[in-house]
Amino acid sequence: MAAESISVTLRERRSDRAYWFDIVFGRVLPACFFSIFIVDKLLVLADSLNTVRGPHPQATDYLYALNQLLSLGYFTLVVVLYVVRLPKRAGDARPWIIATSFFGSFSVILASFLPGVAVRQQLQLVSIILVLIGLTYTVWALAYLRRSFSILPEARRLVTGGPYALSRHPLYLGEGVTAIALNLPTVSWPGAATLALFLVAQYLRIRAEERVLERQFPEYADYRRRVARYLPDPVRLLRMLRAS
């Protein structure tokens with residue numbers, strides 16, 4: 001009887017347009033889109049490894065290769081999580097919120113294509129180190145978020161452990177640090193303006209996500225009172241490091 005009931009449920013889901021819409025537009029197409037970045041990062045990583053194996057590699061070459069490896073891990077996680085993520089329980093589908101969320105995700109790519117200035121050599125090392133910190137934090141947050149990942153403000157499962165015990169939005173924090181650091185050595189006024197709009201979009205996206213989570217999970221209000229929105233709690237971070 002249980003097997004028959006499961007079979008009937010599966011047939012009902014497969015005949016539901018919303019089910020197939022989620023499969024195609026919520027999973028397959030985003031996974032295919034982000035796979036393009038995996039190919040790009042594989043090529044860049046291969047090139048950076050060739051530089052490291054060269055006759056006179058610098059310390060920055062090793063850091064750059066490590067950053068490319070972390071970027072590859074990030075995009076690989078995004079693709080996998082888009083395919084296996086949990087069904088959403090609630091969300092904010094207002095058109096301006098959708099537009100803001102996508103701008104917050106992809107405006108950094110736009111900033112890198114805008115006219116820049118000559119590379120500020122004095123900021124190169126700072127940029128690489130900050131990218132390393134931002135990417136590490138981003139990958140940690142994404143790996144902990146797992147099947148609750150989404151670009152749009154949606155509720156799947158309330159995550160409050162790991163980096164989410166240090167701040168409520170570690171993924172956005174890591175992405176913000178990485179985005180600013182990547183553009184730091186060459187950014188000009190158009191790029192700086194785009195990055196400022198990126199930060200505004202991320203803030204609006206965070207506010208929308210918090211409203212969705214608070215409506216869906218009653219316990220979120222207590223979590224919100226205990227944990228800072230952005231910067232990690234240094235005391236909790238030290239405790240976590242000592243425990244590990």
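The largest cavity is lined by 21 residues, and Leu145, Ser148, Tyr164, Glu209 and Leu213 are the ones nearest its centre. Here, a cavity is a set of points on a 1 Å grid over the protein atoms alone where a 1.4 Å probe fits but cannot get out, and a lining residue has an atom within 4 Å of a point. This is a predicted model, where local features need pLDDT of at least 70 and side-chain atom pairs count only at pLDDT 80 or more, while totals for chains, interfaces and linings use all residues. Residues are numbered from 1 along each chain as its sequence is written, and side-chain values use heavy atoms, with hydrogens and water left out.

**The cavity**

- The structure holds one cavity of 30 Å³ or more.
- The volume of the largest cavity is about 270 Å³, where a volume is the space filled by probe spheres set on the points, and grid points are joined across faces, edges and corners.
- E2, H6, H7 and H8 each supply at least two residues of the cavity's lining, and H6 gives the most, with three.
- Those H and E labels are helices (H or I, at least four residues) and strands (E, at least two), taken as DSSP runs and numbered from the N terminus.
- Sorted by class, the cavity's lining has 13 nonpolar, three polar and five charged residues.
- For those classes, Ala, Val, Leu, Ile, Met, Phe, Trp, Tyr, Cys and Pro count as nonpolar, Asp, Glu, Lys and Arg as charged, and the others, Gly among them, as polar.

**The largest pocket**

- The largest pocket has a volume of about 1200 Å³; a pocket is an open set of points with protein on both sides within 12 Å along at least five of seven lines.
- Out of 45 lining residues, Lys41, Phe75, Val108, Ile109 and Leu182 are the closest to the pocket's centre.
- Two or more lining residues come from each of H2 (17-52), H3 (59-84), H4 (95-113), H5 (121-145), H6 (170-183) and H7 (189-216).
- H4 gives the most to this pocket's lining, with eight residues.
- The pocket's lining splits into 26 nonpolar, 15 polar and four charged residues.

**Nonpolar cores**

- In soluble globular proteins, nonpolar side chains tend to be buried together.
- A nonpolar core is a set of buried Ala, Val, Leu, Ile, Met, Phe, Trp, Tyr and Cys residues joined through side-chain atoms within 4.5 Å, and buried means under 20% relative accessible area, with exposed over 50% and partly exposed in between (1.4 Å probe, protein chains only).
- The largest core has 29 residues, and Phe34, Val78, Leu142, Phe149, Tyr164 and Leu171 touch the most other members.
- H2, H3, H5, H7 and H8 (220-226) each supply at least two residues of this core, with H3 giving the most, seven.
- A second, separate core of five residues includes Leu70, Val131, Leu132 and Ala181.
- Not counting residues up to four places away in sequence, Phe149 touches Val78, Leu81, Tyr82, Arg85, Leu142, Arg156 and Leu171; contact means heavy atoms within 4.5 Å.

- H5 has 25 residues and should span 36 Å at 1.5 Å a residue, which agrees with the 36 Å between its end C-alpha atoms; the expected span is 1.5 Å times one less than the number of residues.
- Among the buried residues of H5 are Val131, Leu132, Leu142 and Leu145, and what covers its buried residues includes H3 and H6.
- H6 has 14 residues and reaches 20 Å from its first C-alpha to its last, close to the 20 Å expected.
- H6 is mostly covered, with eleven of its 14 residues buried, and these buried residues pack against H3, H4, H5 and H7.

**Single residues to look up**

- Arg146 sits in the loop between H5 and E2 (154-155), and has a positive phi of about 50 degrees although it is not a glycine.
- Arg146 counts as partly exposed because its relative accessibility is 42%.
- Gln68 is in H3, and counts as buried because its relative accessibility is 7%.
- Leaving aside neighbours within four places in sequence, Gln68 is in contact with Lys41, Val44, Leu45 and Ser48.
- Cys32 is in H2, and at 46% relative accessibility counts as partly exposed.
- Cys32 and Ala201 are 169 residues apart in sequence, and 25 Å apart in space, C-alpha to C-alpha.
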